[in-house]
Amino acid sequence: MTCLSSVPSPGGYVAAIRAAQLGLKTACAEGRETLGGTCLNVGCIPSKAMLHASEYYEAAAGGAMAKMGIDVTPKLNLPAMHGQRVDAVKGLTGGIEFLFKKNKVDWLKGYAQFTGKDSVEVAGKTYRAKNIVIATGSSVTPLPGVAVDNDKQIIVDSTGALELAKVPGHMVVIGGGVIGLELGSVWRRLGAKVTCVEFLDQILPGMDADVRKDANRIFKKQGIEFKLKTKVTKAEVKGKKAVLTLEPAAGGDAETLEADVVLVSIGRRPNTEGLGLDKAGLAVNQRGQIETDHDFSTQVPGIWAIGDVIPGPMLAHKAEDEGIAVAENIAGLTGIVNHDVIPSVVYTMPEIAGVGLTEEQAKERGEVKVGKFPMAGNSRAKTNHEPDGFVKVIADANSDRVLGVWIIASVAGTMIAQAAQAMEFGATSEDIAYTCHAHPTHSEAIKEAAMAVTGKPIHI
Ligand code: NAD
């Protein structure tokens, strides 16, 4: 049996490795020079390399280190900062190549295209397979009137924004979502003035309303300027600058804004074009996604799909879990992903994380009890000079079962794993409140928020 994954996102390579581990003869098509998909090459990993390095720079330049008795005057060496980003990507993508060899997964170098229901062509050669997994990921949604050209480094997408050769004087970010806030934070920390233009009345759509509001306040305090309820209708390159035309989202008088760099980050769309889906008898839905059953099978027997090409949040860890599940299903086991418990994290400082329902969604379904605890009341956060943020635990008013947890904290991305695990085990807020948490840790704020569900936190 052959499992064939096309252009591996983290979903694709994980599916290939699991399929091989389960004894299936597995090949994986990838046209990029290196494995790992968007996440490893131009997404999660290189952005974290820049976020982490720029945090150090800001800690030195912004006075946070001085506050702790370390007087330094930093000098930015941007080529070296980019160097460690490239090294991080090289190490990890090389690691996947090693894992492919170790697990005997064949890497078919090239982009795959269906030639039939059970065959694909890669680099001029046709391969037949009993099972084919589509894991082609997504790419940046284009914005009409705003042409991205990463080489010029004036109007860029997330890939271009990772590689800027110099710190822009003024960076305009179009879209107050995850990418805009993460990459906007990187360049602000390194010295750029950053303006974020967001179509909606608040940033971070899909997140809990309290989180969106507090995140907006924190980013404003950090120096990002927001133009909410505003849309960009045009961006023209004039010499070394871009001139943007902005309009109120509801319509009205236009204004112009000049920028050295414009980042287009208004969402991503599934990569389904050019796959020859028609030859396989597959169609996409209105959003360009491939619909699957809960086991990730498509309407064509033997063809499966996972990750950003199917409905659901476009997150690497969701794709990875689906990759494991689909391989297990192909091998005749039962692979399951609980889509109700997929954490999401914004890797800004502080980090923003959530899992399960927002308070608004939970209230639509029934009566809830909510416990909130500020990071300013957490001894470790306070000692580390990280007072921003809070933890919010949302529980069913009758059963006390935890329905959602939302966190703004320096290490929210790490803290949220505990909440996801508790929810996966069907925990109540009382279960979390009576679990002993190590002191002093940021995670104690989760325990306190759980205690607050019944009105009994200690440190506030
Ligand atoms: P997003 O969907 O997170 O945010 C896009 C934002 O752009 C929204 O707030 C939207 O209202 C706004 N917008 C849309 N059209 C606009 C317009 N014309 N003018 C102004 N604003 C407009 O999208 P993203 O930040 O581009 O990220 C894309 C995907 O990649 C997301 O699914 C995200 O989850 C994923 N991603 C995740 C991470 C992470 O997990 N840390 C990091 C990067 C990307």
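This is a predicted model: local features need pLDDT of at least 70, side-chain atom pairs count only at pLDDT 80 or more; totals for chains, interfaces and linings use all residues.
On the α1 side, the contact involves P10, G11, V14, A15, R18 and A19. These residues meet A316, A319, E320, G323, I324, V326, A327 and E328 of α10. Sorted by class, the residues of the contact between α1 and α10 comprise nine nonpolar, two polar and three charged ones.

Helix α1 also packs against helix α5, which spans residues 78-103. Here the axes come within 9 Å, and the crossing angle is roughly 20°. The helices α1 and α5 are therefore roughly parallel to each other. From α1, the residues Y13, A16, I17, A20 and Q21 take part in the contact with α5. Their partners in α5 are I96, L99, F100 and N103. This contact of α1 with α5 contains seven nonpolar and two polar residues, with no charged residues.

A further helix pair is formed by α3 and α7, whose axes lie 9 Å apart and pack at an angle of about 35°. The crossing of α3 and α7 is left-handed. Helix α3 brings S47, K48, M50, L51, S54, E55, Y57 and E58 to the contact. Helix α7 contributes E182, L183, S185, V186, W187, R188 and R189. In this contact of α3 with α7, six residues are nonpolar, three are polar and six are charged.

Both of these helices turn up again around the second largest pocket. The volume of this pocket is about 1100 Å³. Its lining is made of 31 residues, and those nearest the centre are E55, A59, A64, M349 and E386. At least two lining residues come from each of α3 (44-61), α4 (64-67), α7 (178-189) and α8 (209-222). Which helix gives the largest share of the lining? That helix is α3, with seven residues. By class, the pocket lining holds 13 nonpolar, eight polar and 10 charged residues.

Most residues other than glycine have a negative phi, and most peptide bonds are trans. Against that background, M349 and P350 are joined by a cis peptide bond, with omega about 0°. P440 lies in the loop that runs between α14 (429-433) and α15 (444-453). A positive phi, near 75°, is found at F296, a residue other than glycine. F296 belongs to the loop between α9 (277-280) and β18 (303-305).

The last stop is K227, a residue of strand β12, which covers residues 225-227. Leaving aside residues up to four places away in sequence, K227 touches T195, C196, V197, E198, L246, E255 and L257. How far apart are the C-alpha atoms of K227 and Q286? The separation between these C-alpha atoms is 30 Å, for residues that stand 59 residues apart along the chain.

Key. Residues are numbered from 1 along each chain as its sequence is written. Side-chain values use heavy atoms; hydrogens and water are left out. Contact means heavy atoms within 4.5 Å. Helices (H or I, at least four residues) and strands (E, at least two) are DSSP runs, numbered from the N terminus. Ala, Val, Leu, Ile, Met, Phe, Trp, Tyr, Cys and Pro count as nonpolar, Asp, Glu, Lys and Arg as charged, and the others, Gly among them, as polar. On a 1 Å grid over the protein atoms alone, a cavity is a set of points where a 1.4 Å probe fits but cannot get out, and a pocket is an open set with protein on both sides within 12 Å along at least five of seven lines; lining residues have an atom within 4 Å of a point. Grid points are joined across faces, edges and corners, and a volume is the space filled by probe spheres set on the points. Axes are lines fitted to C-alpha atoms, for helices over the stretch in contact, and angles run from 0 to 180 degrees between N-to-C directions. Angles under 35 degrees count as roughly parallel, over 145 as roughly antiparallel, 65 to 115 as roughly perpendicular and the rest as oblique. A crossing is left-handed if the near helix is turned anticlockwise from the far one by less than a right angle, and right-handed if clockwise.
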